Amino acid sequence: MSTDNRVQTAARPLLGVALMALGVGILPVMDGLAKHLSAEYHVVQVTWARYLFHFVLLAALLLWRLPLRELIPRRLGLQIVRSAFLLSTTLCYFGAIAFLPLANALALAFIGPLVSTALAPWLLGEHAGARRWLAVVVGFSGTLVVIRPGWVAFEWASLLGVAAGVSYGLYQLTTRRLSGSGRASVTLFYTSVFGFAVLSLVVAPFWTTPDLGGWGLMLIMGSVGALAHFLIISAFEYAPAPALAPVSYMEMVSAVTVGWLVFGDFPDAFTWTGIALIVVSGLLVVTGGRLPKT
């Protein structure tokens with residue numbers, strides 16, 4: 001192998017990490033726009049707009065890059081189940097951020113990997129091992145710290161954040177069942193098709209006609225979401241999943257920044273403690289029970 005080829009091979013994982021970091025870094029921008037829009041529009045309508053523009057932009061991109069035969073879905077039933085879990089995740093998460101600081105809602109949604117780890121033995125026949133089970137216990141303890149049930153600080157919307165995390169864990173499990181059955185970008189496309197179609201059937205009772213500014217913000221929200229997911233998908237073409245999983249937690253940094261600068265929300269000491277427990281437990285899960293060496 002030539003020197004140039006070795007350099008290119010070594011650079012691929014770094015490019016993957018950079019794409020993942022950029023993708024998760026801009027996702028909270030979409031969340032911030034959804035939170036802002038939810039003050040005027042119902043969460044169902046905001047979620048519908050997110051799926052609409054995500055669908056339009058992703059369809060244009062895939063039709064440009066791929067032949068039509070590549071867009072034929074495989075394992076359609078499992079695709080529908082997976083898409084339903086992601087739609088549930090988005091609805092619950094957007095509902096949570098309408099009332100909670102972005103960092104709080106995201107921390108609760110981050111229990112997704114813990115849920116998938118806890119359910120994998122029964123749904124996939126995979127055994128987690130003692131260290132990963134310990135990580136799950138630590139993560140759920142962090143969730144209780146963020147929620148603080150029974151305390152004055154308890155917010156009912158925290159339950160929506162937990163529901164988003166549970167749905168996301170189930171989404172991850174079905175995604176693993178779909179692995180190897182087609183391009184990830186095509187799978188994401190059909191996820192957007194399902195969400196847009198279902199929400200179009202139910203959005204009418206929640207509809208408030210947006211003005212030009214509202215449509216513009218919805219377009220930006222959907223565009224940012226589509227771009228973020230495209231970057232995340234692209235990252236997996238350059239780097240293996242174990243190398244990228246810890247990078248996904250950089251989303252919390254961006255969520256705290258957006259929440260603080262735009263909405264004036266900054267996590268208190270209890271929330272930071274819960275976030276730390278959830279993030280550490282998630283890292284333990286994805287690294288097999290051992291924190292990565294620095």
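Is S158 buried or exposed? S158 is buried, because its relative accessible area is 4%, and the cut-off for buried is under 20%. Before I go on, please keep in mind that this is a predicted model.

Where does S158 sit? S158 belongs to helix 7, which runs over residues 158-178. If we set aside neighbours within four places in sequence, the contacts of S158 are L100, L108 and I147.

Next, a pair of helices. Helix 4 covers residues 102-109 and helix 11 covers residues 251-263. Their axes are 8 Å apart, and the packing angle is about 155°. Helix 4 and helix 11 are therefore roughly antiparallel to each other, since angles over 145 degrees count that way. On the helix 4 side, the contact is made by L102, A103, L106 and A107. Helix 11 brings E251, M252, A255, V256, V258, G259 and F263. Sorted by class, this contact has nine nonpolar residues, one polar and one charged.

Let me stay with helix 11. How far apart are its end C-alpha atoms? They are 17 Å apart. That agrees with expectation, because 13 residues at 1.5 Å a residue should span 18 Å. The buried residues of helix 11 are E251, M252, S254, A255, V256, V258 and G259. After helix 11 comes G264, and its phi is positive, near 70°.

Leaving out residues up to four places away in sequence, M252 touches A103, L106, A107, F110 and I275.

Last, G222. G222 lies in helix 9, residues 212-235. Why does G222 count as buried? It does so because its relative accessibility is 0%. Which residues does G222 touch, not counting those up to four places away in sequence? They are R50, F53, H54 and L57. For H54 we also have a C-alpha separation: the C-alpha atoms of G222 and H54 are separated by 5.0 Å, while the two residues are 168 residues apart along the chain.

Definitions and conventions. Residues numbered from 1 in each chain as written. Predicted model: local features only at pLDDT ≥ 70, side-chain atom pairs only at ≥ 80, totals over all residues. Heavy atoms only, no water. Helix = DSSP H or I, 4+ residues; strand = E, 2+ residues; numbered from the N terminus. Buried < 20%, exposed > 50% of the residue type's maximum accessible area, 1.4 Å probe, protein only. Contact = heavy atoms within 4.5 Å. Axes fitted to C-alpha atoms, helices over the stretch in contact; angles between N-to-C directions. Parallel < 35°, antiparallel > 145°, perpendicular 65-115°, else oblique. Nonpolar A, V, L, I, M, F, W, Y, C, P; charged D, E, K, R; others polar. Expected span 1.5 Å × (residues − 1).
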